[in-house]
Structures are given as C-alpha cells and as structure tokens.
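Keep the viewer open and follow along.

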Amino acid sequence: MADCTYIQVLRLTVIAELLLLCVAQNTHMQNVAMGKACGISSTWNPSDTCSAVINGNIRDLNYPGNCIHTASYDNSPFWWVDLGTEFTISTMTIYGRTGYIDRMTQVNILLDNNIVKSFTRYDTWTNDKYDITVGRVGRIVKITKDSNSGETMNICQVEVWAQVCYAGWYGHYCTQACTYCPSGSVCDEVDGNCTTCETGFKLPHCEACDNGWYGDNCTQSCGHCAGRAVCDKVTGNCTSCQTGFLFPLCKVCRDGL
C-alpha cells in the first residue's frame, strides 16, 4: 500500500512539473514600454524628449540623454507612455537619477489612472531603482508629481514588464491555445479573440460553428432546413425540411422527387 501511495505522489509530481514546463514555454516577460508613444508636461531643455526614459539604457542614469526633467515652472508635472494595447503587467521598474534620488518623493505611478505606487520617501530604493509589483491588466502608464512638492520631476528609465504570449497562446499565464483563426494570424493575447475565422467558425473565438455549418470541425454545411432555420451544429439535423428534401439532414431528395 505504501509503494502504491509513493507511485501516485511521484506521478502527480511529474504531472505538475510538466504543466509548469508547458506554461514556461508559452510565455515570457518583456519590457513593453520601450519605443512606445509617450508624452510629457514640460522639459528642462527644448531638446529633451519623453522617450529618453524608455530607451532601455539603465547603465547611465544621468541627465541629459537617459532621463526626463520637467521645467521649474511646471507645478503639476507628468509623463506617460501608451503601451499600444492592454498587457497583463507583472512589475514596473522605476530608475531615479543618480545623486538626485530624493526627487522621487511625492511621485505617483499610475496604470490607466489607478495609482499602483506613491513614493512618500526615497530611502527604500536600492541602487537608484525600485521594483513595483502590479499584477493587473492595463495600457497607459502615467507618472505624476504632487504639485506642492516644490521640485521638478526627474526620472531615469521606466521599465514595464508584461506577460507576452508566444504566437498561438493567450490568457492569464498564456495557458490557453488559440482556436481556428485563419492560417497565418493569431488571436488576441488577453481575450483570445480572432479578427476573422476559418470557414465555418463563428467570431470572436472561432470555437463554435457559425450558423449554417456543423460537425466536429465545422466543415459541413447545413441542408435545406424549412423556413431558413439553422440546423443542429453537432448533428446537422433540421427540425423540418423544405419541400422535397429528405429528413433529417434535408440534403437529398425524398423518394419520388
């Protein structure tokens, strides 16, 4: 009996490891902020750009080049980046300017206008950076600084780490496979929706047969159901046939016709 229990536990352990391996093969983390559209409320110098903090350079946390620096007259500074689509965001990594990390006080990090982190102090930072656990879906990352702070907003590098599924997979942890999107196209990584379906399947997931089609792979078209009714999407049967056709598939003529 003990040997049987051991074997069962071993089997469950192997199955769990295989499931984890499959998940690991279908997803990976990526900084989805790099090179995306961005904006800033003001700049210290006219040549400064909002994209300086999403160029991926974390080796040189100094201004200018790899930092944003708002103007002294800007009492409500902000910066934003549009990720282009919704992502399941795991973490964000914010880098402050070397030697000026105190300017991170009263800075707020928002995702789709919801605050994910407010910095009331800066002594919890490590090597001029801070990792924020997010764990939610979003698209617009915005950084603001409270207007009563009396300082400019000075930040170097913003990394937004999100789940990016390999082609053909979607959902939380990328564990769900896309269905019958047309050959060469993939479904949406978040909800699994296709833009179009293979013939016979119904939008948005292309899992169920569209009206007028039936069978295991929705490859068979319905017969001549009476009153333009839709046949059963599993069996293809009609409730009744148009005049002259043989029940229940209504595809061939009745005897004598």
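## Disulfides and ground rules

The structure holds nine disulfides, where a disulfide is a pair of cysteine sulfur atoms within 2.5 Å. As a reminder, a disulfide is a covalent bond between the sulfur atoms of two cysteines.

Before going further, bear in mind that this is a predicted model, so local features need pLDDT of at least 70 and side-chain atom pairs count only at pLDDT 80 or more, while totals for chains, interfaces and linings use all residues. Residues are numbered from 1 along each chain as its sequence is written, and side-chain values use heavy atoms, with hydrogens and water left out.

## The Cys181–Cys194 link

Take Cys181 and Cys194, which are joined by a disulfide with an S to S distance of 1.9 Å. The torsion about their S-S bond is about -75°, so this disulfide is left-handed. The pair links distant parts of the chain: both cysteines sit in the loop between strand S10 (176–177) and strand S11 (213–214), 13 residues apart. Strands here are DSSP runs (E, at least two residues), numbered from the N terminus, as are helices (H or I, at least four).

Cys181 and Cys194 are both buried. Buried means under 20% relative accessible area, exposed means over 50%, and partly exposed is in between (1.4 Å probe, protein chains only).

Cys222 counts as buried because its relative accessibility is 18%, and Cys231 counts as buried at 3%. Cys253, on the other hand, counts as partly exposed at 47% relative accessibility.

Now for strand S8 (residues 154–165). It's mostly covered, with eleven of its twelve residues buried. Two strands pair if DSSP finds at least two bridges between them.

Strand S3 (residues 68–69) runs antiparallel to S8 and is joined to it by two bridges; here His69 stands opposite Asn154 in S8. Strand S4 (residues 78–96) also pairs with S8 in the antiparallel sense, over seven bridges. In that pairing, look for Thr88, whose bridge partner in S8 is Gln163.
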